[in-house]
Amino acid sequence: MSSKRQIKEILEALLDFKGKKIENYCSQKINEGLQPNDIFKELSLGLDEIGRGFEDEEFTRYFTSDLIVSGRNMKKAIEMLKSYFKKTEKPIGKAVIGTVKGDIHDIGKIIFAIMLESNGFEVTDLGVDVDKATFVEVLRKNKPKILGLSALLSSTVPYMKEIVEELKKQNLREQIKVIIGGGAVTEEFAKKIDADAYGKDSIDGLKKCLSFVGA
Amino acid sequence: MRIYVIYCGPFGEQMINNIASTGFADKIVNAYELKPETIKGEHASESNIWLKLWEEPEKYLPKDLPIIECDLLLVLGIHSKLGDLIPSIVEKLGAKAVLYPIDDRKMGPEAKKTILDDLESKKIHVEFPEPFCTLDKSENEFINEFAKRFGRPKFEIKLDESKKMIKEVRVLRDSPGGSAAMVGKKLVNFPYKDREIFLKKIYEEHQNEDLENSCLAEMDPICPLMQEAGDLLKDAIFEACNLPTTKDIILKKIADSKSIDVKKLEEIIVDGAGNWKNPEKACDASRTFYLYLDELIGEKKIHRKNDKLRIAGS
């Protein structure tokens, strides 16, 4: 667990609207010999703190602007650290992921993709605002073991159900494990729409995906 | 004009950076970051600090707050519980006007009415634009001077009529955070003829979170301030391109129907689902629709009786 001073440093890096501090933070940590996964974990602590501060009804410490800026800086960090991840020679499994139609939020999904890749998965990230036809087309072509769906907005959550229904209609559901995640979904909702799993965060999601491929 | 800024977090930093880098740097006399932790730290042994702050704000002013006289106090993104400190800060700084934008429901001071009454009793003018880029003009000279440069976006756009492309964009008034200027730059050499593509480009660039000066307002459908900001930007661009704005479409719909129900017109005009194909879509947020209705009524172009709208004089 990081100390108060470390958390302060992480928050300052994540909340710098110019994005310079996050670059310095990542470079410094790499130079100190820290592994990219550990840097992610540290930064994730900062994101969690901002998320908690945003949702705290009694004492809201962060606004939408803080979520946007910290998300943008996290993406910068991911871009910087990507090249340091060691890719395994033979992938342990294939995964296709995307943020569902109507939703353009992707920070959680990007972190999840990185976690999967750094743990041996071959990941096809379809990006944001992805419709069911695109998912079906890529699933047929890539034949992955896992499909990851993400949604942050509650208004876009029903579309996840449509996608699962479409997989059944297209006879794809049996071959694929569906995992859902994002701020707007719950474990209960995952069961309701007949998804195989719910990832409460990227680490939880990764654990479940590893179990899907028996790793 | 001398501007003192009380701010917190990246919301305030982005505004200060944009305001300072586009010609107002010499007007900013100080920028102070007001954090809840500072107040907590200075009164670490006390309990119920926020309740006490509300009862006795002068006692809880941060000890390191530089006292520099100013004309306009700009309050950007501070914690809602710290809004109670503003009247006391105004008094210390001798500010004559306060501009306190609310770009997020959670940014609004808890005791907004008390602050308003308190400042008005001291003859201090205060405005709470919601979102900041709705600021247009003010009866107060200092806010008005600020609003000439920052607030509701305004452009001058030159078109290449033969290629149906945007040739040049000049920002007459930038949004305070700089997103209008940023989107304006992205539109140079962009085709304007296909309405669907043009709309998509404007809204997507405005909400492009990866850009340094992107809009940072709340986007929750319950309080779509970012969407409203996008509508105002889109209409400023459309107006400068001589394309029909939301107001033009509202006027046409009312004129065509002679008399129309407000709710029915809202259903036609507002489409918040990002459906750019809808040829009748004029704006993203209901808030924008009602802002324009109020303006059109104020401009005496339309008349509202109960829930029916008519063209004025018809």
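Chain B puts 20 residues into its contact with chain A, and chain A answers with 15 residues. Keep in mind that this is a predicted model. Within chain A, there are two domains to look at, plus a helix pair, α6 and α7, whose axes come within 10 Å.

**Between the chains**
- On the side of chain B that touches chain A, you get 7 nonpolar, 6 polar and 7 charged residues.

**Between the domains of chain A**
- The contact here involves 6 residues of domain 1 and 4 residues of domain 2.
- On the domain 1 side, α3 (36–55) and α4 (64–82) of chain A are the elements giving two or more residues.
- The biggest share comes from α4(A), with 4 residues.
- Sorted by class, that side of domain 1 has 3 nonpolar, 2 polar and 1 charged residues.

**The α6/α7 pair in chain A**
- Helix α6 spans residues 132–142 and helix α7 spans residues 158–169, and their axes cross at roughly 40°.
- How does that angle class the pair? Angles under 35 degrees would count as roughly parallel and 65 to 115 as roughly perpendicular, so α6(A) and α7(A) are oblique to each other.
- The crossing of α6(A) past α7(A) is right-handed.
- From α6(A), the residues involved are A:Lys132, A:Phe135 and A:Val136, and they meet A:Glu162, A:Ile163 and A:Glu166 of α7(A).
- By class, this helix contact has 3 nonpolar and 3 charged residues, with no polar ones.

How values were computed. Residues numbered from 1 in each chain as written. Chains lettered and ligands numbered in written order. Predicted model: local features only at pLDDT ≥ 70, side-chain atom pairs only at ≥ 80, totals over all residues. Domains from an automatic or database assignment. Contact = placed C-beta atoms within 7 Å. Nonpolar A, V, L, I, M, F, W, Y, C, P; charged D, E, K, R; others polar. Axes fitted to C-alpha atoms, helices over the stretch in contact; angles between N-to-C directions. Parallel < 35°, antiparallel > 145°, perpendicular 65-115°, else oblique. Left-handed = near helix turned anticlockwise from the far one by under 90°.
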